[in-house]
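Hi everyone, thanks for coming.

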Amino acid sequence: MKQQLLQSGDFLSLTRNHEWSLPAPFSFEVTHQASNTKSLVSVLDTGIITFEPIDRKTKKDIVLSSAVHGNETAPIEICADIIRQLIKGELALAERVLFLFGNPAAINIAERFVEENLNRLFSGAHSEGDVRNKERDRAKALEQAVTNFFTQLGEHNLCEEGERERYHYDLHTAIRGSKNDKFAVYPFRHGEPWKKSQLCFLQACDVSTILLSHSPTTTFSYFSSNNFGADAFTVELGKVMPFGQNDMAKFTKVKETLTKFVSGQPLELAEFDESTFDIFEIDQTINKHTEGFVLNFADDAENFTDFPVGYVLATDGNIEHKVRTQGEAIIFPNANVALGQRALLTVKPTTIE
Ligand SMILES: O=C(O)CCC(=O)N[C@@H](CCC(=O)O)C(=O)O
Ligand SMILES: [Zn+2]
C-alpha cells in the first residue's frame with residue numbers, strides 16, 4: 001500500500017526521495033482523533049499534497065507553499081510538522097488545504113535552486129524563450145496544481161453558501177538578516193484595495209512589516225493573487241539557516257496561527273491599527289544588466305537599511321543606481337543573480353489609509 005509510505009506522516013522525506021516527480025499519485029483517508037471526522041489525503045506529485053474534509057462543509061481553499069527556494073528551511077520544517085499532524089490525525093481539519101514543497105531537488109543540495117530561480121518562473125515565464133530545464137517544468141506543475149486546487153472540487157467536498165475564499169501564503173526566509181526580522185510582500189492588486197483583514201492575519205503570524213508591490217511579477221504569490229483572486233503573500237520568516245539550526249521558538253506565532261487556520265480554531269485577530277505595522281511600498285526594482293553589476297554596501301548590510309538621498313547603491317556598467325527618496329531602504333540585495341533578473345529592491349515608508 002502506497003499509504004504505508006506515509007505511515008509516520010513524514011511527507012518531507014517522501015518528497016526528498018523523489019526530486020522531480022512521483023511514479024504515481026495516491027490517496028487515502030485519515031480520521032482526526034479529537035473530532036472523529038474524516039479527510040481525504042491526496043499525494044498528487046512529489047511535494048504536492050492536499051487535505052480535504054470528507055462530507056463536511058468548507059468555505060476556504062488554503063495553499064501553503066515552502067521550499068520554492070530549497071535552502072529556506074524554517075518554513076519547510078513548519079509545514080512538514082503541520083502535514084505530519086494532519087496525516088497522523090492529531091490535528092483537526094476544517095478547510096481544504098494544499099501544501100507544496102516547491103523545489104525538492106534544491107532542498108537536497110541545500111541551495112536556493114538547481115538551475116534557475118523557481119520564483120521567477122510563474123505566470124507563464126516558465127515557457128518563455130527556448131530554455132528548458134527541470135525548474136521550468138516544476139513551475140508549470142506547481143501552477144497546474146494550484147489551478148486545479150482552486151477550480152476543481154472533488155465529490156467529497158461540500159461547500160458553504162457564498163463564494164469560496166482563496167488563500168496562498170508562500171513561505172520563505174531571506175538571504176540576509178533584516179532590521180524587521182519578518183515581513184511580507186503583498187503582490188500588486190491592480191488597483192484593488194489592500195485588505196486590512198489580511199494584514200491582521202499576518203500580524204497574528206508575527207509579521208507586521210508589509211511591502212506593497214505596485215507592478216506584476218513572476219513570483220508564485222502574484223500568480224495566485226492575479227489568476228485566482230487569492231489573498232496571497234510572499235512571507236519572509238527571518239534569515240536562511242540550514243536544517244537543524246533554526247530557532248523554532250521564533251516561529252511559534254506563525255505556526256500556531258497557520259495551524260488554527262487549517263483546523264478551524266478561532267483566530268482572535270486584533271483590530272487593524274496601522275500604528276502597529278511598518279508599511280512600505282516598493283520603489284525601485286533594480287535588475288542586473290551586466291556582469292559588472294556591483295552593490296555599493298557591505299555584504300552583511302541588513303534588509304531595511306536606509307541610505308542618504310543620492311547615495312549610489314549599485315553600479316551596473318555605466319549606470320549608477322542612486323537613492324532618490326529620504327528613508328528609501330534596501331531589500332533583497334543580491335549581485336549573484338542571472339542577467340536581467342532583480343538584484344535589489346528599494347522600499348519607502350507609506351500608509352494604506
Ligand atoms: O533574501 C533574498 O535576497 C531573497 C529572499 C526571497 O526569496 N524573496 C522572494 C521574494 C518574492 C517576492 O518579491 O514576492 C524572492 O526573491 O523570490
Ligand atoms: Zn525565498
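How many nonpolar, polar and charged residues does the shell around ligand 1 have? Four are nonpolar, eight are polar and one is charged. Here Ala, Val, Leu, Ile, Met, Phe, Trp, Tyr, Cys and Pro count as nonpolar, Asp, Glu, Lys and Arg as charged, and the others, Gly among them, as polar. Of the 13 residues around the ligand, Asn119, Ala174, Ile175, Thr234 and Phe332 come nearest; being near means a C-beta atom, placed from the backbone, within 6 Å of the molecule.

Quick housekeeping. This is a predicted model, where local features need pLDDT of at least 70, side-chain atom pairs count only at pLDDT 80 or more, and totals for chains, interfaces and linings use all residues. Residues are numbered from 1 along each chain as its sequence is written, while chains are lettered from A and ligands numbered from 1 in the order in which they are written.

Let's take the two histidines. His69 sits in the loop between β5 (60-66) and α2 (73-87), and His172 is in strand β8, residues 165-174. Helices (H or I, at least four residues) and strands (E, at least two) are DSSP runs, numbered from the N terminus.

Buried or exposed, then, for His69? Buried, with 24 other C-beta atoms within 10 Å. His172 has 26 such neighbours, so it's buried too. The cut-offs: 20 or more other C-beta atoms within 10 Å is buried, 12 or fewer is exposed, and in between is partly exposed, with C-beta atoms placed from the backbone.

Leaving aside neighbours within four places in sequence, His172 is in contact with His69 and Glu72, among others. Contact means C-beta atoms, placed from the backbone, within 7 Å.

On to the helices. Eleven of the 15 residues of α2 are buried, so the rest of the structure largely encloses α2. After α2 comes Gly89, with a positive phi near 75 degrees.

Helix α6 (residues 220-228) is mostly covered as well, with seven of its nine residues buried. Those buried residues pack against β5, α4 (134-151), β8, β9 (182-186) and β11 (231-239). Gly229 follows α6, and its phi is positive, near 60 degrees.

Methods. Two residues are in contact if their C-beta atoms, placed from the backbone, lie within 7 Å.
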